[in-house]
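Biologist: Could you walk me through this fold, helix by helix? I'd like to hear how the pieces pack.

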Amino acid sequence: MRPRLSVLAALATGIGIGLAGCGQQPPASPQARQGGQSDTSSQSGTSSQADPAATWADGYCGAVTHLVRTLSNLPTVDPTSPQQASLTSSRLLESVVGGIDETVAGLDRLGPPPLAGDEQARGELLHDFSSVRQRADRARRQIDSARDTDATRAALGEARSTLDEVAKLDLLKALDATPELSAAGKRAPGCQQLVVPPAPQ
């Protein structure tokens, strides 16, 4: 069984609850991850040059860690009023867009994997990022332009739906594309910070 990325799902669930609670008491802000915050790019240098697949996997995980860190430190949504929910949700979505941009830039710098035939999954992930980024930016602009309560609630609903899409992103798609890259990810220190083993059946 492949590892599961638990951070995104947990955070998006909490954020979605906050967006749904307009007019209620604000929820507690999500806890930022304290562990695993070291710069994975420095760890990539520890991967043996004789193991280019593990070096690439380490760089890949370092790139997607940008988005995980962004989600771990998102601005808190204040649902005490539609106006405050709009303002704070707009800032939240702006942070999501920035985290995606940073991750995509890292994947672009990394380039294709060293194993022939493994580029398709990376390209699909970049396409997924582009699609979700466009939707998050569109939701942010919709929130900013809302001028009445009904429009604001509709915009907040779109924001919540967008965050659900963020939570569904398979950040490890390119590593799971082939057994060789999956094995390389297990040898890469930066990847071990991103994954947890599946719960026992």
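This is a predicted model: local features need pLDDT of at least 70, side-chain atom pairs count only at pLDDT 80 or more; totals for chains, interfaces and linings use all residues.

Biologist: What percentage of the chain's residues count as buried?

Modeller: Buried means under 20% relative accessible area, exposed over 50%, and partly exposed in between, with a 1.4 Å probe and protein chains only. Of the 201 residues, the share that counts as buried is 42%.

Biologist: What share of the contacts with a separation of 6 or more comes from residues 24 or more positions apart?

Modeller: A contact here means heavy atoms within 4.5 Å. Among the chain's contacts with a separation of 6 or more, residues 24 or more positions apart account for 78%.

Biologist: How far does α5 reach from its first C-alpha to its last?

Modeller: α5 covers residues 119–145, which is 27 residues. The expected span is 1.5 Å times one less than the number of residues, and for α5 that expectation is 39 Å. The helix comes close to it, reaching 39 Å.

Biologist: Which helices do the buried residues of α5 pack against?

Modeller: The buried set in α5 includes Leu125, Leu126, Phe129, Val132 and Ala136. In general, an α-helix has 3.6 residues a turn, so residues three or four places apart point the same way. The buried residues of α5 pack against α3 (52–72), α4 (82–110) and α6 (149–168).

Biologist: Are α5 and α6 roughly parallel or roughly antiparallel?

Modeller: Their axes are 9 Å apart and the packing angle is about 160°; axes are lines fitted to C-alpha atoms, for helices over the stretch in contact, and angles run from 0 to 180 degrees between N-to-C directions. Angles under 35 degrees count as roughly parallel, over 145 as roughly antiparallel, 65 to 115 as roughly perpendicular and the rest as oblique. So α5 and α6 are roughly antiparallel.

Biologist: And what hand does the crossing of α5 and α6 have?

Modeller: A crossing is left-handed if the near helix is turned anticlockwise from the far one by less than a right angle, and right-handed if clockwise. By that rule, the crossing of α5 and α6 is left-handed.

Biologist: Now α4 and α6: are they roughly parallel or roughly antiparallel?

Modeller: The axes of α4 and α6 come within 10 Å and cross at roughly 30°. α4 passes α6 in a left-handed crossing. The two helices are therefore roughly parallel.

Biologist: Is Tyr60 buried or exposed?

Modeller: Tyr60 is in helix α3. Leaving aside neighbours within four places in sequence, Tyr60 is in contact with residues including Leu107, Leu125 and Leu171. At 0% relative accessibility, Tyr60 counts as buried.

Note on methods: Residues are numbered from 1 along each chain as its sequence is written. Side-chain values use heavy atoms; hydrogens and water are left out. Helices (H or I, at least four residues) and strands (E, at least two) are DSSP runs, numbered from the N terminus.
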